[in-house]
Amino acid sequence: MGQESFKWFPLLVVSFFYTSVRCSSVEQKIYVELNSTVPCVRLLNATHQIGCQSSISGDTGVLHVLETEADLDWILSTGPHPPYMVVMEAAFFTNSTMMKMKNSSRVAGVAVIRSNTGPTEGFSPHTTCPNQNTGVYTEHYGPELANCNNTVWNPLGNGLSYEDFAFPIFSLKDDNQTQVIRKCYEDHNMRVNGSTPQYPLCAMQLFSHMHAVTDTVTCMRRTDLQNSFSINPEKLCDPLSDFNVWTSIRPLNNSIKGHKENESVVIVAARLDGRSFFWDIAPSAEGTVSSIVTLLAAAQALYPVTLEAPPPRNIFFTFFQGEAFDYIGSSRMVYDMENSKFVIDLDNVHSLLEIGQIGLRNGQNLWMHSDPVSRKNTTVNKQVADLVANIKSVASSLNLSLNEPSATQALPPSSFQRFLRVRPVPGLVLADHQSSFINRYYESLYDTATYLNVTYPPDLSPEQQLEYETEAAKSLTQVATLVARSIYKQAGGEDGFLNNITADTKTVAKLLYGFLIMSNNSWFSSLLPPEALGRGSILESSPPQYYIGLRLDNTVKSVSRFVQFILANMTGTVTKLNQSQCQNPKDVPGESKDLYSYSWVSGPVSANGTTDPYCVRSSVHLSKALSPAFELTDYGSKEYSTWTESRWKTIRARIFLVASPQLEMMTLGVGVAVLLVSLVVTYFISSKAELLFSATRESPNTTY
């Protein structure tokens with residue numbers, strides 16, 4: 001009996017495989033999967049949840065393309081086939097349209113076709129007062145300036161990114177799959193001469209169910225309970241986090257935390273991140289990249305002169321991560337400084353200059369913003385005035401025009417505000433706007449290279465584009481030179497060396513290309529370690545995205561990695577260490593892991609296609625950009641950022657044809673009838689089995 005059963009086993013395996021293949025084939029014939037999609041996801045803070053999600057089994061609706069106001073009326077009131085899955089061009093993705101859909105039970109989801117250029121009137125899904133609850137201005141500090149009472153910084157902000165939608169919203173690339181969707185709609189759903197479309201209809205299904213609900217306090221409490229009592233705990237959300245990048249012209253002992261005796265530092269800062277309405281789409285050209293590029297170019301220009309003629313004060317370059325979400329990176333660095341967990345403390349800070357949005361000046365003025373409240377202190381006011389004078393004196397030699405806004409105007413949203421929450425540090429924020437942002441696409445998917453005027457002649461190859469000096473590159477080079485010379489002067493450097501400090505336009509051009517056009521280029525490749533170029537490479541044929549995201553498996557965001565290694569190559573020294581020594585410098589006499597970091601980088605590609613790796617010694621380091629609220633387990637903190645991102649299992653979009661309800665009910669009825677008949681027949685055969693299947697026995701006495 002066992003052998004007989006065993007003979008059937010191969011047949012069962014073959015049958016199962018055949019059935020699986022057939023099922024897969026049937027699914028592919030029914031559904032068209034949409035691959036070039038990006039969802040809006042759920043984010044949470046101490047008090048709210050924002051973003052979007054679908055039901056656990058996905059949301060389905062009849063497809064309708066929104067092209068006119070009449071289409072909107074059809075979707076929200078007169079269309080006979082609700083709920084609808086709305087496909088719209090970016091021009092219709094406005095606050096008023098989305099609020100009407102949010103308040104309607106006839107909308108199952110939205111798919112937005114994103115274009116390369118934004119609306120001419122501007123579009124910003126952020127609020128009008130970014131980070132208003134975690135800046136320096138409160139009821140206790142400059143109450144007349146709190147909540148943007150004095151200046152509305154982002155007047156085009158419509159707040160869409162901070163709404164909570166109960167249905168999924170996806171972004172679609174304007175490519176071949178979008179044409180497939182349109183064809184399906186035109187063939188099956190489009191009204192002809194006002195007539196109602198007939199079944200079968202084209203439908204769309206979106207999957208983006210989020211695990212977290214309510215707020216960060218609830219989510220983290222549930223996650224902590226699972227970690228404590230569940231054998232297989234499942235996280236519901238994670239804090240937004242990554243790393244800050246910092247370096248100094250004189251190395252600081254990173255193994256010894258807290259105050260450094262006889263050390264005075266001038267901090268120069270920029271932000272690393274941005275965001276938009278959709279998950280991990282954040283081009284942030286003006287909002288972020290312009291300041292990153294400027295600060296990197298300034299650091300490169302300063303480095304050789306500081307070796308030749310070191311200024312009395314140390315110069316500390318830092319790039320803060322997570323600033324779009326209530327200043328995650330800067331608040332963490334300040335917290336660590338306060339608690340002697342960082343390489344320096346606040347007593348070591350002499351002054352601060354932050355590079356804000358500076359990419360759109362187009363020959364216009366630059367503005368030096370300061371804090372009017374702290375300047376009421378005579379000592380602070382004098383130090384700020386000295387910094388202003390230093391910058392203006394440098395600007396005059398470069399034929400740049402700099403101005404200060406009204407003495408009663410608040411600081412714009414900036415990392416500098418987190419330092420001022422602790423003590424009155426003298427400082428300025430350098431920006432291209434006097435009051436309200438001139439960036440019409442602040443924190444949106446349209447803040448792109450094109451908007452920053454980083455464009456190239458059509459006949460250039462990628463390698464030629466990498467070297468091409470755009471107008472934006474020339475403009476930012478001037479600003480980088482201004483920053484480098486001003487900081488050197490602020491640090492006490494001699495005026496005679498200022499003319500030796502000049503940013504390189506070619507370098508700025510390469511940085512803009514890598515950060516805004518394509519990170520997978522020969523220059524970026526030469527500056528990264530070999531492991532970053534192989535399997536799982538962080539280089540892509542597109543620009544990096546600047547959303548901070550989650551730090552899963554101890555990974556570092558690609559933007560932070562790029563800045564880390566570019567800065568190391570710009571301000572470091574090439575050594576003669578081999579790969580083994582570079583990766584284990586503590587075993588090499590004269591090298592110090594406490595003072596320096598060591599990077600084994602790929603090097604440029606030679607004519608025969610090989611690379612010549614080398615070891616770079618620099619003082620570039622990473623530090624945590626995780627809100628102190630999560631270290632203190634104060635998930636409802638009003639002092640620090642509490643932003644988390646929900647976990648999810650499936651992000652998916654597909655279209656298919658749906659039959660009429662009558663046909664579906666008829667199919668169900670036929671299926672039930674067949675089932676009942678089968679049961680009756682089976683019962684009859686089972687009850688008469690002895691009669692139907694009995695064998696006739698022959699008499700043993702039969703003779704032949």
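**Note on pockets, cavities and a helix**

1. The second largest pocket holds about 730 Å³ of space. Its lining has 31 residues, and Asn45, Thr47, Asn133, Thr134 and Asp326 come closest to its centre. By class, this lining has nine nonpolar, 16 polar and six charged residues. (Nonpolar covers Ala, Val, Leu, Ile, Met, Phe, Trp, Tyr, Cys and Pro; charged covers Asp, Glu, Lys and Arg; the others, Gly among them, are polar.)

2. Some ground rules. This is a predicted model, where local features need pLDDT of at least 70 and side-chain atom pairs pLDDT 80 or more, while totals for chains, interfaces and linings use all residues. Residues are numbered from 1 along each chain as its sequence is written, and side-chain values use heavy atoms, without hydrogens and water.

3. On a 1 Å grid over the protein atoms alone, a pocket is an open set of points with protein on both sides within 12 Å along at least five of seven lines; a cavity is a set where a 1.4 Å probe fits but cannot get out; lining residues have an atom within 4 Å of a point. Points are joined across faces, edges and corners, and a volume is the space filled by probe spheres set on them.

4. The largest pocket holds about 1400 Å³. It is lined by 47 residues, with Asp280, Ile281, Pro543, Pro544 and Gln545 nearest its centre. The lining splits into 21 nonpolar, 16 polar and ten charged residues. Elements that each give at least two residues include β2 (37–39), β11 (241–248) and α12 (505–516). The largest share, three residues, is from β2. (Helices are DSSP runs of H or I, at least four residues; strands are runs of E, at least two; both are numbered from the N terminus.)

5. How many cavities of 30 Å³ or more does a search of the whole structure find? There are five. The largest cavity has a volume of about 230 Å³. Of its 22 lining residues, Arg271, Glu354, Pro413, Ser414 and Tyr442 are closest to its centre. β14 and β17 are the elements that give two or more residues to this lining. The classes are ten nonpolar, eight polar and four charged.

6. Helix α8 (residues 378–397) has 20 residues and should span 28 Å at 1.5 Å a residue; its end C-alpha atoms lie 29 Å apart, which agrees. (The expected span is 1.5 Å times one less than the number of residues.) Buried residues in α8 are Val380, Val384, Leu387, Val388, Asn390, Ile391, Val394 and Ala395. They cover an arc of only 155° around the axis, so they sit on the same side of α8. (The arc is that of the directions from the helix axis to the C-beta atoms.) Thr378, Thr379, Lys382 and Ser396 are exposed on the other side of α8. (Buried is under 20% relative accessible area, exposed over 50%, partly exposed in between, with a 1.4 Å probe and protein chains only.)

7. Asp326 deserves a look. It lies in the loop between β13 (314–320) and α7 (328–338). Its phi is positive, about 60°, although Asp326 is not a glycine. Asp326 is buried, with a relative accessible area of 15%.

8. Asn131 also has a positive phi, about 55°, and is not a glycine. Asn131 sits in the loop between β7 (107–114) and β8 (169–173). At 10% relative accessibility, Asn131 counts as buried.

9. Check two peptide bonds. Pro82 to Pro83 is cis, with omega near 0°. Tyr199 to Pro200 is cis, with omega near 0°.
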